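Hi there,

Here is the structure I promised to pass on to you. Have a look at it first, and then read my notes below.

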Amino acid sequence: MERLLLSCSKSKSTGYTSRKLIGFKRDSDYKQCMEELSKYGIRPVRSIQKSRVICCHLDSRRTEQLKSLAQHPNISYVEPDFKIHAHGFVPSNVSGKRKTARKQPAPYTRKRVQTKSVHVKGRRTSVSSDSSTSTTPWNLSQIGASKVWSTTRGKGAGIAIIDTGIAKHSDLRITGGVNTMGGSSYYDDNGHGTHVAGIAAGTGSSKRPGVAPRASLYAIKALDANGAGYVSDIIKGIDWCIKKGIPIINMSLGLEGETSSALKEAVQRARKNGILIVASAGNNGTVGGRIDQPARYTDALAVAASTRGGKIANYSSRGYGIDVTAPGSYIKSTWPGGGYQVLSGTSMASPHVAGGAALLKSLHPSITPYGIAQRLRNTSKKLSSYAKRTQGYGLIQLDDAAAVADNGASAAARVRSAGRRRRTK
């Protein structure tokens, strides 16, 4: 096994190498191969001990050796270190159709994010505008988040945002973080991660609350300035969260057509360690007939996107495995530089669910990932005229989910009592 790996490995990328992930079945095999590579001066691109994964530049001309390596009984898989992309974009109209070609390396770029205006029902409006007249944003009202706030705002629950990082902002309180791409800073150089973080847990101290305003936010920078990153960077982020014991991970990103055994194993490992992974379904609409990975995995909670009018967004991917739906179109949230931005995508829907999970975790610290998922599914509101492969169980209703969490009737009484107190003020 070690000889096969050495015969294929190169110390740097060339025109005839490809970046591959090698997964080992046993810790001893992983360690042995790491020692052999080191002996010959070959430093892997990535080494993830907890996952027993080595990322190397492999010589694509060594076809027989590569085939033998993949078939070795001590090897779980040899697969490309796929590029994974964020699921958000600047909206072009209320139905959610986007002005982006599939050939772009990411769903949007910095240039696209700086778009000054968009069309809404025949008129032009600033992307930073918000037509909500309520003190509670429409998207939070639609899922019943504010009805839970008199009982809990998410204190004691942690949400990890595996994304482009999180920027400093007056409406965000970052507890900690890590850069898995090799840098020292987890601050956002794109905007997507900051926007996602604000939806999940914006404090509202300046202007814009998130679903769980007092939850602890963790920034895992695994995507670059174009909203793209390698699967190996995502896996390192997941392992960091496992080590820190963060109970909820939001992944507003996905692999569109590829299949990654390495990513699937990492998600499974997180679930076994008591972590709920919430993932966006993808932005391919009816094209393809399936949702992206990791949302497609049974160990992740897959989220579709809806509009303010209670419809499934045109861009929201359809397919087996969708669990629930949340608002995803024209969502205003925090942005680098201290401002706010409007984005659309299943990227925006996913953190609504992650924030909702944090509210449930805060109410009942011993609740399991399965328990959270079941309560969110069972209390969702079905949207008429849509199949399950489009909306899952329906639009999440956090007040109802909180009312039936672990303590049953007692939880329901607290939430309803809090609602009565607000109405009488």
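Strand β15 (residues 276–280) runs parallel to β16, and the two pair over 4 bridges. Within that pairing, Ile277 has Ala300 of β16 as its bridge partner. On to the next neighbour: β16 also pairs in the parallel sense with strand β17 (residues 322–327), this time over 5 bridges. There, Ala302 stands opposite Ile322 in β17.

Is β16 mostly covered or mostly open? Strand β16 (residues 300–306) is mostly covered, with 7 of its 7 residues buried. In a regular strand, side chains alternate between the two faces of the sheet. In β16 both faces are covered: one side has Ala300, Ala302, Ala304 and Ser306, the other has Leu301, Val303 and Ala305, and all of them are buried.

There is also an open sheet of 3 strands, with antiparallel pairing and the order β12-β6-β14. β12 (228–230) and β14 (253–254) each have a single partner strand and stand at the edges, so one side of each is left without a neighbour in the sheet. Strand β6 (residues 83–86) pairs with β12 over 3 bridges in the antiparallel sense, and Lys83 stands opposite Tyr230 in β12.

Please keep in mind that this is a predicted model. The protein chain has an average pLDDT of 86, and 85% of the residues score at least 70. Over residues 93–134, however, pLDDT stays under 50, although the model has 88 contacts beyond four places in sequence for them. The pLDDT is also below 50 over residues 407–425, a stretch with 20 contacts beyond near neighbours in sequence. Where pLDDT is low, the predicted coordinates should not be read in detail.

Happy exploring!

Terms used:
Residues are numbered from 1 along each chain as its sequence is written. This is a predicted model: local features need pLDDT of at least 70, side-chain atom pairs count only at pLDDT 80 or more; totals for chains, interfaces and linings use all residues. Side-chain values use heavy atoms; hydrogens and water are left out. pLDDT is the predictor's confidence in each residue, from 0 to 100. Contact means heavy atoms within 4.5 Å. Buried means under 20% relative accessible area, exposed over 50%, partly exposed in between (1.4 Å probe, protein chains only). Two strands pair if DSSP finds at least two bridges between them.
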